[in-house]
Amino acid sequence: MALCTPALALDLSEHEQAGKRLYREGISSSDAQLQARVGASDISVPASVLPCASCHGNDGRGRAEGGVRPPSLDWQRLALAQGERETNSRRYPAYSDASLAWVIRSGIDPAGNRLDPAMPRFELSLADQRNLTAYLKRLADERDPGVEEGVLRLGTLLPESGPLAEAGRVVRAVLEDGIAQLNQQGGLHGRRLQLITADPGFDAAGTARALDTLLAQERVFALIAPLAPWLDSRALAQAGVPLIGATPRDGGSAQVFDPLPGLPEQLLSVALHAREALGLAPDALQVVYAGDDQAAAAAALHQRLSQLGMQPPPVQAFDGQAVTGEGILYLGRAQGFSELAAALQAQGRQPYLLAASAQVAGSLPGLPAQWSQRLLLAYPFVPGDWTAEGRAALAGVQQRQGLDASHAALQVNTLCAWRLLVEALRQVGRDASREQLVNALEQLHDVNTGLTPALGFGPGRRQGLAGAHVVAVSLPGPGFKEVAAYHAVPDTP
Ligand code: HEC
């Protein structure tokens, strides 16, 4: 899969670019080596050892920790806002270009207060000072949305009415619980986390509007665990906003990190088991799908089967008619699965039916007993994956949020997405950018959730798991028995 990251870089003029080098690296636009005078005794050190960014942050937001804090260098705060400012017990009026140059040179603010000597004094040429000022005026534009002085804003899309409303309430409860827990411990890198929810409604237009609200108005930094069947992956990619949660139906992108395996990977696990344990011939597995929205996943599955050395016949679309094959790999909704089983029965046939539990679980109670042991399902995780710690974490959320176990799978999915996001945000540090978040997610390996096999991503790898457990279903009941533990399906070029 070719993954491309949209260009997130800001257009900076030549002077601003030079100012950025000075700000970040302490390097002059001329050959001169810049000096900084440090501390009460004015010791001279190269500015490259102590660039502005090392104290005020790449994002210029300053630091929340410590005693005398390097303040935010937001131009709005420094120069544009009306009235007096107060920082580290100094009170002073707005900076102008001239008084800014003066404070950097002398450590004296526009009210004549002496700054704490923790702020070095810099000898800058006129040109360097101009470049630096020009860059400070642009610094705020270089930040990604949603990263404020004391708040990091996250967004999600959850339906408030209709068939997904109950699931939406579950996801919201799990996310709000995670945020409350984290904020109670002081947040992340000095920021509180905030969740903004928008309702995607029932169609593509409603989803596009809700996404626009989150990105343009609410200016969220990243999306977490949305429940939005019409989410358009191109719109996500265009906005360059990272998403941690289920891959949109129309496909993934470089910005989308799905904790769980996609349908093709899940079904491959079942197919490999069928070949090895049931001895099905390489050409006996027929890919069948119901519903146009499944065609792409069916084609991807067919291709992966061929790459793994099987010879599947061409994909079939199920339209109520007969299908062939000794083993049928089904993609589609529960309703279609029931119809497929009925059509096969009418034909007097009883092939193995292989499917993903997430798609067909709803049809199991209605299936006749003759399908017992002919049904093999993929599960990304099973209760056997749950450690004592994982169970306690899940029980804690349920108890605090008044949730029962009826949406346990959704609760686990959401917890996993949350865990991965928090883990990556921790690694990114305070200067959070979307690009860094994507890089940090890419670096996550062997994340133990206590509720699933270990999760991880990689360059070009956007699914946290690369396979599934295989579970045999007995009927009536239904009863479940794991017949193959999770293992990653081998990668193919
Ligand atoms: C070693 C850490 C450090 C470095 C490096 C540093 N600063 Fe500071 N800066 C501080 C501290 C601490 C303060 C707060 C001093 C105070 O309030 O008394 C400060 C204050 C300032 C202020 C005053 C803001 C206000 O609201 O009054 C400006 C402007 C500023 N720094 C700009 C810069 C620039 C530009 C650079 C790079 C050329 C830079 N600083 C490098 C630590 C640093």
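Both faces of strand β6 are covered: V151, R153, G155 and L157 on one side, and L152, L154 and T156 on the other, are all buried. Here buried means under 20% relative accessible area, exposed over 50%, and partly exposed in between, with a 1.4 Å probe and protein chains only. In a regular strand the side chains alternate between the two faces of the sheet. Strands (E, at least two residues) and helices (H or I, at least four) are DSSP runs, numbered from the N terminus.

The model is predicted; local features need pLDDT of at least 70, side-chain atom pairs count only at pLDDT 80 or more, and totals for chains, interfaces and linings use all residues. Residues are numbered from 1 along each chain as its sequence is written, and side-chain values use heavy atoms, with hydrogens and water left out.

## Overall

The protein chain has 493 residues, of which 51% count as buried. Its secondary structure comes to 15 helices and 17 strands. Along the principal axes, the C-alpha atoms fill a box of roughly 95 × 45 × 40 Å.

## Around β6

Two strands pair if DSSP finds at least two bridges between them. β6 runs parallel to β7 (residues 192-198), and 7 bridges join the two. Within that pairing, T156 stands opposite T197 of β7. Between β6 and β7 the chain passes through helix α6 (residues 165-184), and this β-α-β crossover is right-handed. Right-handed means that, with the strands pointing away from the viewer, the path from the first strand over the helix to the second runs clockwise.

β6 also pairs with β8 (residues 222-224), in the parallel sense, over 2 bridges. There, L154 faces A222 of β8.

Helix α6 contains V174. V174 is buried, with a relative accessible area of 2%. V174 and Q401 are 227 residues apart in sequence, yet their C-alpha atoms are 7.6 Å apart in space.

## Nonpolar core

A nonpolar core is a set of buried Ala, Val, Leu, Ile, Met, Phe, Trp, Tyr and Cys residues joined through side-chain atoms within 4.5 Å. The largest one has 52 residues, and L193, I224 and W418 have the most contacts inside it. At least two residues of this core come from each of β6, α6, β7, β8, α13 (388-401), α14 (408-428) and α15 (434-442). α14 gives the largest share, 13 residues.

## Cavity

The structure holds 1 cavity of 30 Å³ or more. A cavity is a set of points, on a 1 Å grid over the protein atoms alone, where a 1.4 Å probe fits but cannot get out; lining residues have an atom within 4 Å of a point. Grid points are joined across faces, edges and corners, and the volume is the space filled by probe spheres set on the points. The largest cavity has a volume of about 60 Å³. Its lining consists of L152, L188, H189, R191, L193, L425, G429 and A432. By class, that lining has 5 nonpolar, 2 polar and 1 charged residues. Ala, Val, Leu, Ile, Met, Phe, Trp, Tyr, Cys and Pro count as nonpolar; Asp, Glu, Lys and Arg as charged; the others, Gly among them, as polar.

## A separate sheet description

An open sheet of 3 strands has the order β2-β1-β5, with antiparallel pairing. β2 (43-46) and β5 (121-122) stand at the edges with a single partner strand each, so one side of each is left without a neighbour in the sheet. β1 (residues 35-38) and β5 are joined by 2 bridges and run antiparallel. A36 has F122 as its bridge partner in β5.

Most residues other than glycine have a negative phi, and most peptide bonds are trans. The following sites depart from that.

| Site | Feature | Value |
|---|---|---|
| L475 to P476 | cis peptide bond | omega near -5 degrees |
| G477 to P478 | cis peptide bond | omega near -15 degrees |
| R219 | positive phi, not a glycine | about 50 degrees |
| Q373 | positive phi, not a glycine | about 65 degrees |

P476 lies in the loop between β16 (469-474) and β17 (479-484). P478 is also placed in the loop between β16 and β17. R219 sits in the loop between α7 (204-217) and β8, and at 41% relative accessibility it counts as partly exposed. Q373 is in the loop between α12 (357-360) and β15 (375-379). At 47% relative accessibility, Q373 counts as partly exposed.

Notes: 1 Å grid on protein atoms, 1.4 Å probe; cavity = no way out; pocket = protein on both sides within 12 Å on 5 of 7 lines; lining within 4 Å.
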